[in-house]
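Here are a few notes from going through this one. Have the structure open while you read.

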Amino acid sequence: MFPGRTNNEMLKLMMEVKGRMNNRMVRSHIRAYENMNLEPHFEPDCRFRQYETDSVTGKVVLRLVNITQPSRDLAGVLRSSKAGADDVKLVQGLTDLLERGLNVDPTKRLTVVEALKHPFFVNKD
């Protein structure tokens with residue numbers, strides 16, 4: 001779903017659909033990465049450290065990006081990629097399941113048990 005080659009690319013793709021993680025989560029990420037002597041994906045001011053390959057030089061370039069709101073609509077992505085015979089209601093159910101299952105805040109994300117009880121799986125004709 002998020003076909004990035006690196007964790008940084010996957011975070012960027014996820015935030016394009018779900019928006020930026022809250023400040024508490026970003027700060028927790030920064031502390032955890034620093035404790036592991038790794039470079040975090042966010043700056044202390046919560047801007048995202050996006051790494052891109054420069055198309056001219058081929059070198060990796062760092063861009064500090066302030067992602068706040070989603071820039072891509074998950075429902076739109078799913079609708080545009082569905083096969084012609086797919087049921088619109090089924091695609092809407094999948095969209096709802098993914099929206100809830102991909103919630104950036106783990107305290108608000110669907111659990112496995114809740115996901116299995118979701119109408120997408122339960123209400124099959």
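This is a predicted model: local features need pLDDT of at least 70, side-chain atom pairs count only at pLDDT 80 or more; totals for chains, interfaces and linings use all residues.

1. Which residues of H3 are buried? In this helix, spanning residues 74-81, they are Leu 74, Ala 75 and Leu 78. Viewed down the H3 axis, these buried residues fall within an arc of 100°, so they line one face of the helix. The general rule behind this is that an α-helix has 3.6 residues a turn, so residues three or four places apart point the same way.

2. Now the H3 and H4 pair. Their axes come within 10 Å and cross at roughly 140°, which means H3 counts as oblique to H4. The cut-off for roughly antiparallel is over 145 degrees. As for handedness, the H3 and H4 crossing is right-handed.

3. Who makes that contact? From H3 it's Leu 74, Ala 75, Leu 78 and Arg 79, and from H4 it's Val 91, Leu 94, Thr 95, Leu 98 and Glu 99. Sorted by class, the contact of H3 with H4 has 6 nonpolar residues, 1 polar and 2 charged.

4. Is Asp 105 buried or exposed? Its relative accessibility is 10%, so Asp 105 counts as buried, the cut-off being under 20%. Leaving out residues up to four places away in sequence, Asp 105 touches Asn 22, Arg 24 and Met 25.

How values were computed
Residues are numbered from 1 along each chain as its sequence is written. Side-chain values use heavy atoms; hydrogens and water are left out. Buried means under 20% relative accessible area, exposed over 50%, partly exposed in between (1.4 Å probe, protein chains only). Helices (H or I, at least four residues) and strands (E, at least two) are DSSP runs, numbered from the N terminus. The arc is that of the directions from the helix axis to the C-beta atoms. Axes are lines fitted to C-alpha atoms, for helices over the stretch in contact, and angles run from 0 to 180 degrees between N-to-C directions. Angles under 35 degrees count as roughly parallel, over 145 as roughly antiparallel, 65 to 115 as roughly perpendicular and the rest as oblique. A crossing is left-handed if the near helix is turned anticlockwise from the far one by less than a right angle, and right-handed if clockwise. Contact means heavy atoms within 4.5 Å. Ala, Val, Leu, Ile, Met, Phe, Trp, Tyr, Cys and Pro count as nonpolar, Asp, Glu, Lys and Arg as charged, and the others, Gly among them, as polar.
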